[in-house]
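Colleague: I would like to go through this model term by term. Please tell me what stands behind each word.

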Amino acid sequence: MSVSWFLVVSALVFSIGAAGVLTRRNPLVVLLCLELMLNAANIALIAFARMWGNGDGQIFAIIVMVVAACEVCIGLGLVVAIFRRRLPIDVDEIRELHG
Amino acid sequence: METSAWLILLCPLAGTLITSFGFRRLPARATGIVGTLAIAGAFASAFATFVALQDRAEDSRQVVYSAWDYAVTVGVDAKLSILVDPLSVFMALVVTGVSTLIHLYSVAYMTEDRGYARFFAYLNFFVFSMLVLVMAGNFLILIAGWAFVGAASYLLISFWYRRTTATSAGIKAFVINVVGDVGLVLGTFFIFRHSNTLDFLGTFDSASKDFASHNGALTAGLILLLVGAFAKSAQVPLHTWLPDAMEGPTPVSALIHAATMVTAGVYLIARMYPLFELSDGAALVGTIVGAVTLLVAGTIGLAVTDLKRVIAYSTMSQIGYMVMAVSAGAYVAGLFHLMTHAFFKALLFMAAGSLISAMGGEQSLDRMSGFRKAMPFTFMCFVIGGLALSAFPLTSGFFSKDEILGDIAARGGGWWVFVVIGYVGAVLTAVYTWRMIFRAFWGEPCREARELEEGHLHHAEQPFNPATGEIEDTQVGFPGPEHVIAERAGEMRGAMSILAVLALVGGFIQVPFLTSGLEKFLDPTFADSRLDLSPSNGLVIVGFVVGAVISIGGIYTAFVIWVRRPGMSTQIRERFSAAYTLFVNKWYFDELIDLLVVRPWAWFGRFDQQTFERVVVNGLVGSATNVVKAGSAAARALQNGFLRAYAALLVVGVVVVAFYFLVQSS
C-alpha cells in the first residue's frame, strides 16, 4: 500500500482538527481538536517510519504523545480553574489579556 | 611630628564618625562628650606639633607630609599631602583651641535640643573640614577643605530645619559660598597653568620665574582666588549671607561665623603671600575690598537692632581689617588680629547666647534692657569682649588692631588712606559695640530681667521664631524647650572664663618694644617676604595714643548717646534720616544682588521652563516618542485577546509558508 493513503488520512484528520480549533468555542472541544491535530501528525510520522523501515519516526510519535498528555493536563486544569471561578466556559469570553 | 600632624586631622574625623554612626547606641549626653574630647585631642595634637616644630632648625620648619598619591601623571601631581609650617600650626591651634571651648559651651547650651547628637556630628565635621583647609599642602586639598567647610556651614545654619527662615538662610550661604568655590577653582587653574605643580611650596619657589612673563595670568588667577576668599570671609559684595547665617544656633555663630570659618579667606591670602607680592594689582584689590567692607559693615552695625546681627556685622568689619592687613603685606599683624578676634568674638557670641536664652529666644535689642544685675557673669563677659573689640588700651584687640594700622602706615604714601579708613572704622566699632552693651544692660530692667532677678528664668508662653514671630513647637527641627544661661551652667561659665582671660591678655604675646612672640614664631613662613614692614618707634607711639583716644572717645560717645541722654539717639536718627535709612537697609546690598543676579537668573529659568522646554525639548523628544507610540499602538491592535484569531493567524501563516516551499520545489 502506497504511503500516500496514510498521508491523505493524516491530512484529513489534521484539517478536521484545525477547523475544530478555529470554529468551536468550548475549550473542551478545542482541546479535543488539538489532540486530533497531534495524532494526525503521529499518523504521518509512523507512515514515514514504515516507508523508510526506520524506527526514528516511531520514537518521535511517542514523544509527541507524552507532550500531548502534558498539554492536556494543563488544558484540563485551566478548564477546571475557569469552571471553579464561575467564569463562562467559552474561549471567546476569556480575553482579558488583550493589548 | 608626622604622627601628631596627622592626628590633628584624624581626631575630629573620628569624632564625626563616632557621633554620627553611634548616636543610637551611645547615651544621649555621650555624643557631646565624645565630640568635645575629639576636638580637645586635636588641640593636644596641634600643641605637640607646635612643640616639635619649635625643636627644628629655623630654616627647616616647612615640612610636607604626603599620605598617598591620587593621580601623579605627566603634569599633574595630586597628592593627599599636608603642609606643616608655623602658619598652618598657628591656624590649627586657634581653630582647635576655640573649637574645644565652643564644644564645651554647647554641651550645656544645647542640652534640651532634640537634635543634640546631630549637632555634635555636624560641629565635629566642621572642625575636620576647617583643619583640612588650613593643613592642606596643595591646591587640591585646599579646594576639598574649602568645599567641605561650605557644606558644614550650610548644615549648621539650617540646623533647625523646620524653621523656614533658617533653611533659606542656609541655602543663601551655600549658594554664595559656591560662587567663591568656583572662583577658587578657576584661580587655581590660572596659577597651575604656568606653575605646572599643585604643591604650594613648589608653586611659591618657582613663582617669580614662572610668572615673569605671565603677570596678567597671575593677577587674574589671584583675583579669582580673592573671589573665593571674599565669599568665605563675607567681604563686600559677597557678604550678604553672613548676617542671615545668624539663624543658626548661637554656638555655631560663635564658632563658624566669628572665630574660624570666616577667617579662611584671611588665611588663604596669607598663605598665598609669595604670589600676592608678585602682583600689586591683586593685592590692592584685596586691600580696597577689606577697607570698604570694614566701613560698610561698621555703619550697618550702628543701625541694626538684632543682637546677633550687630555682632555679625562687627565680625564682617573686623575681617575687613584682617583682609586689608594681609593684602597690604602686614601678614603677622593680620594673623595676630585673627587670633585675638577669635577670642573676643567667640566670647561675645557666647555671652549673646546666654542673654538670648534669658530673653526666651528673643533677639531684638529694642526689647532688652537692664540685665546688669540679673546676669552679672554674662555682663562681665560682654564688657570684656566689648572692650577688646573696641580696642580699649591693654586689651588684646588694642595691640592687634594697632599693629595692623601701624604696619600699613609704615608703607607710607597712598597707603595712609587705608590707615585713616581703619581709624574711622575703629570709631564706629567702639560706638556700635557699646551701643549694644548699653542698650542690653543699662536702663530700667525689662520684664525678663526682673523675673530673672527674682530667680525665675523667663520662657515664652509659646516658642516662636524671633525673626518672623511664627509659633513653633519644641520637637526636633526647632530649638528645644528649655533655655540655658551661663549663670546656671558650669560648662558655659568655664568656656567663657577662659576666653575672657584670653581676650584680656592674649595681646601680650606681641607688644611693640617688649615682646614679639607671634612674629618670631611665624617668621619661617614669611621669611621670603619682600615687604619688611616695621613702623618707626614714633609711629608706634602715635598709633597707641590715637588708638586709645579713639577707643575711649567712642565708648564715651556711646555712653552719652544711649545712657546719659536717652532721647538723643532718636534725635540723631531723625537728623540724619537718609543715612539711617541706608544703614538700616544694609546699604541695599540684598536688593542690589536681587536685581542684578537673582531676578535675571530666575527669568532665565522661567524662560527655559516655559519656552525652551516646550518648543525645543518637547519638539525633539516629543516627536520621537510619538513615533514609538504609534508603532506600539499598531502592535497592540493585533493582541485582541481572541484565542481563535491567534490560532487562525498561525494556521494561515503555516499554510502560506508551506505553499511557498511547494511552489519553489516544483
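Modeller: The contact between the chains takes 10 residues from chain B and 10 residues from chain A. Helix α27 (residues 643-665) of chain B gives the most to the side of chain B that touches chain A, with 5 residues. This is a predicted model: local features need pLDDT of at least 70, side-chain atom pairs count only at pLDDT 80 or more, and totals for chains, interfaces and linings use all residues. Residues are numbered from 1 along each chain as its sequence is written, and chains are lettered from A and ligands numbered from 1 in the order in which they are written.

Colleague: What makes two residues a contact?

Modeller: Their C-beta atoms, placed from the backbone, lie within 7 Å. B:Leu347 touches B:Cys381, B:Ile384, B:Gly385, B:Met496, B:Leu499, B:Ala500 and B:Ala503, not counting residues up to four places away in sequence.

Colleague: What makes a set of residues a nonpolar core?

Modeller: Its members are buried Ala, Val, Leu, Ile, Met, Phe, Trp, Tyr and Cys residues, joined through C-beta atoms within 7 Å. Buried means that 20 or more other C-beta atoms lie within 10 Å of a residue's own; exposed means 12 or fewer, and partly exposed is in between. The largest core here has 209 residues. B:Leu131, B:Ala346 and B:Leu347 have the most contacts inside it. Helix α16 (residues 331-358) of chain B gives the largest share of this core, 19 residues. Another core, of 5 residues, lies apart from it and includes A:Ala18 and A:Leu31.

Colleague: Why are α18(B) and α19(B) called roughly antiparallel?

Modeller: Helix α18 (residues 396-411) and helix α19 (residues 416-441) of chain B pack at about 160 degrees, with their axes 8 Å apart. Angles run from 0 to 180 degrees between N-to-C directions, and axes are lines fitted to C-alpha atoms over the stretch in contact. Under 35 degrees counts as roughly parallel, over 145 as roughly antiparallel, 65 to 115 as roughly perpendicular, and the rest as oblique. The two helices are therefore roughly antiparallel.

Colleague: What classes of residue make the contact of α18(B) with α19(B)?

Modeller: It has 9 nonpolar, 1 polar and 1 charged residues. Nonpolar covers Ala, Val, Leu, Ile, Met, Phe, Trp, Tyr, Cys and Pro; charged covers Asp, Glu, Lys and Arg; the others, Gly among them, are polar. The contact of α16(B) with α21(B) has 13 nonpolar, 1 polar and no charged residues.

Terms used
Helix = DSSP H or I, 4+ residues; strand = E, 2+ residues; numbered from the N terminus.
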